[in-house]
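Here is a short briefing to read alongside the model. Keep the viewer open and find each feature as you go.

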Amino acid sequence: MQSFTTHSGRVVPLRRSSVDTDQIIPAEFLKRVSRTGFADGLFSAWREMPDFVLNQPVYAGATVLVAGRDFGVGSSREHAVWALQDFGFRVVISPRFADIFRTNAAKCGLVTIEVSPEVVEQMWQSCEANPDFHVTVDLVERLLTMAGQARPVPIEMDDYLRWRLLEGLDDIDLTLRHTDAIVAYEQDRRSFLPRTLSHTA
Amino acid sequence: MPRTIAEKPSTSRTFAASRGLSLEDSVPQIDAGAAGASKPPRTFATKIWDSHVVRQAPGEPDLLYIDLHLLHEVTSPQAFEGLRLAGRPVRRTDLTIATEDHNTPTRDILRPIADPVSRAQIEMLRRNCADFGVRLHPLGDIDQGIVHVVGPQLGLTQPGMTIVCGDSHTSTHGAFGALAFGIGTSEVEHVLATQTLPQQRFRTMAITVDGVLSRGVTAKDLVLAIATTVGVGGGQGHVIEFRGSAIKALSMDGRMTVCNMSIELGARAGMIAPDQTTYDYLAGRSHAPTGSDWDAALAYWSTLESDDGATYDREVRIDAASIEPHVTWGTNPGQGAPLSARVPDPAVLSDPMARAAAERALQYMDLRPGTRLRDIAVDTVFLGSCTNGRLEDLRAAADVLRGRHIAAGVRMLVVPGSARVRLEAEHEGLDKIFTDAGAEWRFAGCSMCLAMNDDRLGAGQRSASTSNRNFEGRQGPGSRTHLVSPPVAAATAVTGRLTDPKDLGL
């Protein structure tokens, strides 16, 4: 996983709440078997509408997506995170994220930040007034700084997740360091628990 | 709208902040597996969590052991690819099982899959399962079907287990008193490699439904009404325990419908404590314990109830008698109303984000405030999915269709949740009732719930669907979906408009 320390970027205002993962990447794109190449599927239905925000040239190259409440609800498809990353987003900001989306993002190094609806509205207005408006996400200092605003917003993030993002660590490697604990647990599992195969491991 | 008797706001910061509530007293402390007599009362979800902790360290997520890992073709290819690149095996093939469901055809399963991209994904799953030694139920097998229908019918889903799958509706298995939740592809790879998952502790939520559901009101109406009350993000970060006399009165099929849609409340999982209904369902299934193992299992399962005095971070109470047949009018499962009501006016909503969402939803759905929900005409009726594709659901719809015919110009697809459900339905003659009524009797799969195969709506077409999501374009680009129960789906097929079976004299 790519590590994340600080990032400055311009902002796309997505004035919608409950953006579900079917909107982020529709099911027809899920037949692919690779982890990359999903940028064309990102918000593909909405991108057919000329006035959709991602079609506006002034926001081309922006790397921070700011959306309404409950971003990423619905399906567990990690393709939603891959599509956002393939399109160029490094950070998504919303008042609240769906759990599975937030977990998937964390596994892939896409940073999700929860802020109040008022801060979201403030960012929307700023980037709608000035498409060059940019924000800086600093995970080292845990601060979200908005251009033109003297006071940064503190980033609330679990310490462990922050450490993993800063270090770009792979979860499987971390877990395999504890194989002894897994083996020990397995020896004490209840004997009546079901097995899918007739032979035992 | 169901009557909410009492709702205690969460003490969690995220929840409180999102609703402009002030912080209340401290969150109840959950002691993670500390031994000793002073252990505080625990919810049964917490008991299951505690008994699956492989490793615990300050400031880190708990490492949880996973008892059962379900796989399907859509969210697993990149996970297997990751294993190959790292040279890792599947740690516990004996706790892993795969089936083909999301992408499979339902019209003709004997010929090769026509869509080359779909076929390649199915073939990839077959190759991965063969290479890594994973048991697979492919198309044509008696135990092929929607992954959340197959696990329970095999008896692999049992109380007290941890169950994961790269699919959000894994919450279905919570109906058995298992802690079951959907995961992404990176986590699928993690479970394949380690049989564990690092997880942050959840908050707890009790949804208590007391009283008796009225005649004609199903588990689907109940959970749609709950979604309207709680909203699509209301359960975020929580594991829900469904309790109360109306929940206990549900069959296993009904309980699965309720837990299935926990994810539509934003919850990480939904669970129902096991009881005699659960044990009766499990007894005799191919993977259920037998003999002395059954006795040992039963002794353990009977401990899986929440202790007296266990507290929840949030509690919601609903009176079962207040619930009517419930349908959605919008583009998320929380945008619903009783079928007897009218399309609501977004102007009455005080929250600007909710108002904007409702306005956008009505525009997408091409509906006007004040329209009677009963006057909404549909092109297509879909009966199936992991929410409502089990035998009880097919029976409930067949009871409405027996001796009736679907309306001219309406298409009805009946897609059993699994090959076994299809066979059992045929033994009962349900297929004949459906086809006599003019409906199409299909093979098992996810089908039009998410329209990955060729079962889909055209742009602008409208469905009454027993599935779980009414998102924009969910059933095909430009499609419009109204979520309904199986009896309402069948009655709607008969009239061509959203219809309560009572209006047919039932």
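This is a predicted model: local features need pLDDT of at least 70, side-chain atom pairs count only at pLDDT 80 or more; totals for chains, interfaces and linings use all residues.

Residues are numbered from 1 along each chain as its sequence is written, while chains are lettered from A and ligands numbered from 1 in the order in which they are written.

**Chain B overall**
- Chain B has 17 helices and 20 strands. Helices (H or I, at least four residues) and strands (E, at least two) are DSSP runs, numbered from the N terminus.
- A compact globule of 506 residues would have a radius of gyration near 23 Å, and chain B agrees, with 22 Å. This radius is taken over C-alpha atoms, and the globule rule is 2.2 Å times the number of residues to the power 0.38.
- Along the principal axes, the C-alpha atoms of chain B fill a box of roughly 65 × 55 × 45 Å.
- Of the 506 residues in chain B, 60% are buried. Buried means that 20 or more other C-beta atoms lie within 10 Å of the residue's own; exposed means 12 or fewer, and partly exposed is in between, with C-beta atoms placed from the backbone.

**Where the chains meet**
- In all, 72 residues of chain B are in contact with 56 residues of chain A. Contact means that two C-beta atoms, placed from the backbone, lie within 7 Å.
- Helix H6 (residues 185–194) of chain B gives the largest share of chain B's side, seven residues.
- That side of chain B has 28 nonpolar, 30 polar and 14 charged residues. Ala, Val, Leu, Ile, Met, Phe, Trp, Tyr, Cys and Pro count as nonpolar, Asp, Glu, Lys and Arg as charged, and the others, Gly among them, as polar.

**The sheet in chain A**
- Seven strands of chain A form an open sheet with mixed pairing, in the order E4-E3-E2-E1-E5-E6-E7. Two strands pair if DSSP finds at least two bridges between them.
- Strand E4 (111–114) and strand E7 (153–154) of chain A are at the edges with a single partner strand each, so one side of each has no neighbour in the sheet.
- Strands E5 (residues 134–138) and E6 (residues 143–146) of chain A run antiparallel and are joined by four bridges. Thr136(A) stands opposite Thr145(A) in E6(A).

**The nonpolar core**
- The largest nonpolar core has 193 residues, and Val66(A) and Leu84(A) have the most contacts inside it. Such a core is a set of buried Ala, Val, Leu, Ile, Met, Phe, Trp, Tyr and Cys residues joined through C-beta atoms within 7 Å.
- Helix H7 (residues 219–230) of chain B gives the most to this core, with eight residues.
- Leaving out residues up to four places away in sequence, Leu84(A) touches Ile24(A), Leu42(A), Leu65(A), Phe89(A), Val92(A) and Leu110(A).

- Most residues other than glycine have a negative phi.
- Asp70(A) is not a glycine, yet has a positive phi of about 60°. Asp70(A) is buried, with 28 other C-beta atoms within 10 Å.
- Gln195(B) also has a positive phi, near 60°. Gln195(B) lies in the loop between H6 and strand E9 (196–199) of chain B.
- Asp454(B) is partly exposed, with 15 other C-beta atoms within 10 Å.
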